[in-house]
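Subject: The model, and what turned up in it

Hi,

Here is the structure I promised to send over. Have a look at it first, and then read on for my notes.

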Amino acid sequence: MAVDGGCGGTGDWEGRWNHVKKFLERSGPFTHPDFEPGTQALEFLLSTCKVLVIGAGGLGCELLKNLALCGFRQIHVIDMDTIDVSNLNRQFLFRPKDVGRPKAEVAAEFLNSRIPNCAVVPYFKMIQDMDESFYRQFHIIVCGLDSIIARRWINGMLMSFLHYEDGVLDPSSIIPLIDGGTEGFKGNVRVIIPGMTACVECTLELYPPQVNFPMCTIASMPRLPEHCIEYVRILQWPKEQPFG
């Protein structure tokens with residue numbers, strides 16, 4: 001596999017992955033003791049690694065862009081929302097002409113057209129619509145969700161994959177979960193290794209109660225009583241003015 005050199009059909013021009021090599025081909029003060037620098041990690045990243053991004057909203061757009069520019073080529077993205085005009089101020093993969101279209105599909109089209117050899121596969125679905133075999137194919141799952149319920153669901157799915165033999169966890173059954181979230185100007189991210197670190201269910205108290213809801217969710221895909229209340233308060237009440 002050509003990692004450097006002319007394009008030659010690979011899309012890998014000379015020096016394209018120099019920024020990634022700085023992390024993968026040398027040790028640093030914060031690297032894990034078991035980390036072994038070399039070219040194998042970059043080859044795996046470019047040719048084999050399959051990543052699933054859950055959510056193509058404000059955080060999801062940033063995740064997709066960064067993963068694609070870092071060399072991940074087999075990226076899948078799933079999101080059940082469509083684009084609302086209120087998304088355009090921060091979800092930079094979308095344009096005014098995309099309003100009303102599925103976020104996952106538009107994000108995939110944008111990245112595939114801009115980044116050579118990037119193959120983003122979109123799914124305009126709920127995560128619950130996909131079966132166990134779908135999630136088993138990925139090496140890493142990255143979440144950019146705005147729902148604790150969805151986090152708990154995907155956490156439960158990954159925990160169900162764990163296989164123990166004589167009380168010892170089989171490492172090949174582990175799919176790491178990188179969970180991130182934002183609320184206003186605040187954000188958090190953590191890595192969950194199922195069976196080895198605390199999972200979502202173990203740390204539910206760390207998630208604050210949700211007080212703001214994305215307009216695209218409220219308008220096009222309300223799925224909680226709170227969404228319906230916010231829809232009436234923000235959109236319908238000013239129009240109807242029931243008390244004059």
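Which residues of the largest nonpolar core touch the most other members? They are V53, L64, I75 and L93, in a core of 31 residues. At least two residues of this core come from each of α1 (18-24), α2 (40-47), β1 (50-54), α3 (58-69), β2 (74-78) and α4 (103-114). Helix α4 gives the largest share, with six residues. As background, nonpolar side chains tend to be buried together in soluble globular proteins.

Before going further, a word on confidence. This is a predicted model, and the average pLDDT of the protein chain is 87, with 88% of the residues scoring at least 70. The stretch to watch is residues 1-9, where the pLDDT is below 50. In the model, that stretch still has 24 contacts beyond near neighbours in sequence.

Now the overall picture. The protein chain has 244 residues, of which 39% count as buried. Its secondary structure comes to eight helices and eight strands. Looking at contacts with a separation of 6 or more, 56% of them are between residues 24 or more positions apart.

Back to α4, which I checked for length. Its 12 residues should span 16 Å at 1.5 Å a residue, and the end C-alpha atoms lie 17 Å apart, so the two values agree. The buried residues of this helix are K103, A104, V106, A107, A108, F110 and L111. Note the lysine in that list: K103 counts as buried along with the others.

How many aromatic pairs does a search of the whole structure find? The search gives four. In one of them, F134 and Y135 are edge-to-face, at 5.0 Å centre to centre and with 80 degrees between the planes. F134 and Y135 are both buried. F134 also pairs with F138: the centres of these rings are 5.2 Å apart and the planes are at 75 degrees, which is over the 60 degrees needed, so this pair is edge-to-face as well. F134 counts as buried because its relative accessibility is 7%, under the 20% cut-off. F138 has a relative accessible area of 3%, so F138 is buried too. Taken together, ring pairs join Y123, F134, Y135, F138 and W153 into a cluster.

N117 is not a glycine, yet has a positive phi of about 65 degrees. N117 is in the loop between α4 and β3 (119-123), and its relative accessibility of 38% makes it partly exposed. D166 is not a glycine either and has a positive phi of about 55 degrees. This residue is in the loop between β5 (164-165) and β6 (168-169), and D166 counts as exposed, at 76% relative accessibility. For most residues other than glycine, phi is negative.

V191 belongs to strand β8 (residues 186-192). Is this valine buried or exposed? V191 is exposed, because its relative accessible area is 52%, over the 50% cut-off. Not counting residues up to four places away in sequence, V191 touches L177, I178 and T197. D179 is 12 residues from V191 in sequence, and their C-alpha atoms are 6.4 Å apart. The other spot is K22 in helix α1, which is exposed with a relative accessible area of 52%. K22 and P37 are 15 residues apart in sequence, with 9.8 Å from C-alpha to C-alpha.

Over to you!

Definitions and conventions:
Residues numbered from 1 in each chain as written. Heavy atoms only, no water. Core = buried A, V, L, I, M, F, W, Y, C linked by side-chain atoms within 4.5 Å. Buried < 20%, exposed > 50% of the residue type's maximum accessible area, 1.4 Å probe, protein only. Helix = DSSP H or I, 4+ residues; strand = E, 2+ residues; numbered from the N terminus. Expected span 1.5 Å × (residues − 1). Phe/Tyr/Trp six-rings, centres within 6.5 Å; stacked < 30°, edge-to-face > 60°. pLDDT = per-residue confidence, 0-100. Contact = heavy atoms within 4.5 Å.
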